Amino acid sequence: MKTALLVIDVQQIFSSMTDRCLPNILKLDSHFSTHNLPRIFTQHGHTKEELTPPFKNQLVKRWGPSGSIAKGSDDWKLMPDIAKIAEGCSIIGKNTYDAFINTNLADVLKEEGTERLVVCGVMTDCCVDTTARSAFNRGFETWMVKDACGTATKKQHEAGLVGFGYAFGEVLETAEVLERLQ
């Protein structure tokens, strides 16, 4: 089964949430890179137009322009370790939690012949969970990698994993993913 790695929003604004998950994201990326399997990255951000009233984007309405990520800002940039490994890969710009909405992610996965997605990144309970559920709903077998995801609190992290694992896909550790892909 053709499997792709989907790394969600590992950007400067979320750097404090990546202490534990970043080493595992890098392990997963190394495996996918070594085996010439697809690696796709997302980058969340909002245009000046979206950050200017009247707000049409629901995330900007929810968090306000000061709580949203402006495209091109330092907060918007991929973390250095991720920017390095993402070179030459598809980087999907997005403006909502679900990386399939208003993007070409589905087309990229279809072109690669992807049947299974391994999803990791930040935030576990927002963009990672929402995108992973959306992948399931689009017919992809979907694995969420619990030790390669991060969020603001342990409670939020666990809530995202439990909700996803109940009905949408498997929640695995990095070692389990690597073992299954051998």
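Reader: Which residues of α6 are buried?

Author: This is a predicted model, in which local features need pLDDT of at least 70, side-chain atom pairs count only at pLDDT 80 or more, and totals for chains, interfaces and linings use all residues. Residues are numbered from 1 along each chain as its sequence is written, and side-chain values use heavy atoms, with hydrogens and water left out. Buried means under 20% relative accessible area, exposed over 50% and partly exposed in between, with a 1.4 Å probe and protein chains only. By that criterion, the buried residues of α6 are His-157, Gly-160, Leu-161 and Phe-164.

Reader: Within what arc do the buried residues of α6 fall, seen down its axis?

Author: The arc is that of the directions from the helix axis to the C-beta atoms. The buried residues line one face of α6, while Lys-155, Val-162 and Tyr-166 are exposed on the other side. The buried residues line one face because they fall within an arc of 95°.

Reader: Against which elements do the buried residues of α6 pack?

Author: Packing rests on contact, which means heavy atoms within 4.5 Å. The buried residues of α6 pack against α5 (124–137), β5 (141–150) and β6 (170–172).

Reader: Are α5 and α6 roughly parallel or roughly antiparallel to each other?

Author: Axes are lines fitted to C-alpha atoms, for helices over the stretch in contact, and angles run from 0 to 180 degrees between N-to-C directions. The axes of α5 and α6 come within 9 Å and cross at roughly 10°. Angles under 35 degrees count as roughly parallel, over 145 as roughly antiparallel, 65 to 115 as roughly perpendicular and the rest as oblique. The two helices α5 and α6 are therefore roughly parallel.

Reader: What is the relative accessible area of Thr-124?

Author: Thr-124 is found in helix α5. Leaving aside neighbours within four places in sequence, its contacts include His-157, Gly-160 and Leu-161. Thr-124 is buried, with a relative accessible area of 0%.

Reader: In what order do the 6 strands form the open sheet?

Author: Two strands pair if DSSP finds at least two bridges between them. The edge strands are β3 (90–94) and β6, each pairing on one side only. The pairing is parallel, and the order is β3-β2-β1-β4-β5-β6.

Reader: Which residue in β5 is the bridge partner of Arg-116?

Author: Strand β4 (residues 116–122) and β5 pair in the parallel sense over 6 bridges. In β5, the bridge partner of Arg-116 is Glu-141.

Reader: Where is the place of Met-123?

Author: A cis peptide bond joins Val-122 and Met-123, with omega about -10°. The place of Met-123 is in the loop between β4 and α5.

Reader: Is Asp-9 buried or exposed?

Author: Asp-9 is found in the loop between β1 and α1. Although not a glycine, Asp-9 has a positive phi of about 50°. With a relative accessible area of 0%, Asp-9 is buried.

Note on methods: Helices (H or I, at least four residues) and strands (E, at least two) are DSSP runs, numbered from the N terminus.
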